[in-house]
Amino acid sequence: MTTFPIEKIRADFPILKQKIRNKPLVYLDNAATCQKPQVVIDSISHLYMHEYANVHRGVHTLSMKATDRYEGAREKVKDFINASSTKEIIFVRGATEAINLIASTFAKANINKGDEILITAMEHHSNIVPWQMFCEQTGAVLKVAPINLQGELIYEQFEKLISDKTKLVSVVHMSNALGTINPVKKIIAAAKAKNIPVLLDGAQAIPHMSVDVQQLDCDFYVFSGHKLYAPAGIGVLYGKQALLEAMPPYQGGGDMIRKVTFEETEYNTLPYKFEAGTPSIADVVGLGAAIDYLVEIGMDNIAAYEAELLDYATEKASKIEGLRIIGEAKEKGAILSFVLDKIHPHDIGTMLDSLGIAIRAGHHCAMPVMDFFEVPATARASFAMYNTKEEIDVLMSGIEQLIEVFG
Amino acid sequence: MFDDLRDLYQEVIFDHNRNPRNFRVMENADRKVEGFNPLCGDRLTLFLKMNGDEIVDASFQGSGCAISTASVSLMTEIVKGKTEAEADALFKQFHEMTTGKEDNIDLEAIGKLAVLAGVREYPARVKCATLAWHTLDAALKNEANSISTE
């Protein structure tokens, strides 16, 4: 794609200009977290330098300015994922906290002993462990839909696992370990046919594609800011308004109440009911700035550019003898997980680092996925919109060199 | 090529990674302990044959990175014929070499293990080198975690 403004985009990310071990940085660990553009960094310092105070409280000018920025960011998130109201946008620390929030409020109120929660075999630990903890406390049962050797959900098996006892379907939109994009429309339709609510873990999907929660018709959608070019420590829980209204609050404290006496407390309206305490104001503002930046580039343009990167990387990697790609789904985002014959991913990681290349080596918080593919770990190159084919060439040449050294 | 890594990946390490020594199941082991590094998935089983407090044989099975494989391979070589106290002293020396101050190391005692000193500069890889020794430490100290074939 000749129109994608890659040079301008790269120039927007100050960290990419540096050298690592005397080599130009090639940052390919974007699935773990991605780097921040200058506009995001500036938005945070601008707030602290000129507009910072606590939100929703003071009648003074700074508090009103900070509140405007904070609520303005909520508006941007709402538009970005096409929610129908800002009441449906809850700020949390990240996707992990969002899932835990749903487990300790929605699930607690609606899922009982013997009921089932259905996930897939490719979930991140953050969409496994909260449900295991919940099941342990309540006697609910966690069901896991299997995947095939390409790393795709076996949809027929998934469908069979939906039963009258299923009270929640919670699946990853795009797998962080494999890159697989799940057939979420089909999944949601199947669950809706039985009136089962669906939670999508969008932590990995959100920086790579347009997400329209109304079109998807999911009940909950969660994601983290730090994978979306925004600060770490901020994330979003989207929930349909009716569901959120009916849910008990998450944490108690300031801002989530309307009226407090020692006898009883009346909770605040949405979205504040779920935002107890002073929020991470500057990070929310940073998230808003990241969204403005992405909207200007266009998520569909980003998706198309990254698809080209992935195709290029996959083709190059396939030609390397002894390299096995882990995760070969037909529908896949820009993640290349791989193993090399007789060379452990940690050795790959250290060797590539000495060439200035940052990849992830490990289990990617998805140990069950590693077990399924019978590998202790994988090496993972994950791409963002600021990566280039030249960087993929550097990666592939690095892999070839280290294979030679290990002999 | 990879000049910066020469201190970390010395030829001895590649050699032990390609051809690990004492890489076998020991049928008549007196101690058998599993070592696991959940962070990177390295997994090894260490077997010891004891005569009183002397380690008369040591072997291992498992999979790990080059650093961890070389470390356990070298360890099984060096601890053979050592008493428990001598092995423990080596463990402390090794720990010092990979995490502590350079001055405190008895280079003569540490012998070939010195090839692993390079991990000191790579905090993320220290655990790869020390897994073997922590497993040995468990085998020597914590009998509850070891099994006896007798």
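The structure is a predicted model, in which local features need pLDDT of at least 70 and side-chain atom pairs count only at pLDDT 80 or more, while totals for chains, interfaces and linings use all residues. Residues are numbered from 1 along each chain as its sequence is written, and chains are lettered from A and ligands numbered from 1 in the order in which they are written.

**Domains of chain A**

- Chain A is assigned domain 1, made of 6-30 + 298-406, and domain 2, covering 41-296, with bounds that come from an automatic or database domain assignment.
- The C-alpha centres of domain 1 and domain 2 of chain A are 28 Å apart.
- Where these domains touch, 21 residues come from domain 1 of chain A and 22 residues from domain 2 of chain A; two residues are in contact if their C-beta atoms, placed from the backbone, lie within 7 Å.
- On the side of domain 1 of chain A that touches domain 2 of chain A, the elements giving two or more residues are α11 (299-318), β14 (335-340) and α13 (367-372) of chain A, where helices (H or I, at least four residues) and strands (E, at least two) are DSSP runs numbered from the N terminus.
- On that side of domain 1, α11(A) gives the most, with four residues.
- The residues on that side of domain 1 comprise 12 nonpolar, four polar and five charged, with Ala, Val, Leu, Ile, Met, Phe, Trp, Tyr, Cys and Pro counted as nonpolar, Asp, Glu, Lys and Arg as charged, and the others, Gly among them, as polar.

**Contact between chains A and B**

- Chain A brings 15 residues to the contact and chain B brings 18 residues.
- The elements that give two or more residues to chain A's side are α12 (345-353) and α14 (389-406) of chain A, and α12(A) gives the most, with four residues.
- By class, chain A's side has six nonpolar, seven polar and two charged residues.

- Strand β10 (residues 235-239) of chain A is mostly covered, with five of its five residues buried, a term for a residue with 20 or more other C-beta atoms within 10 Å of its own, C-beta atoms being placed from the backbone.
- Both faces of β10(A) are covered, with G235(A), L237(A) and G239(A) buried on one side and V236(A) and Y238(A) buried on the other.
- Strand β4 (residues 89-92) of chain A runs antiparallel to β10(A) and is joined to it by four bridges, and F91(A) stands opposite V236(A); two strands pair if DSSP finds at least two bridges between them.
- Strand β9 (residues 220-224) of chain A is also antiparallel to β10(A), with five bridges joining them, and V222(A) stands opposite L237(A).

How values were computed. A residue is buried if 20 or more other C-beta atoms lie within 10 Å of its own, exposed if 12 or fewer, and partly exposed in between; C-beta atoms are placed from the backbone.
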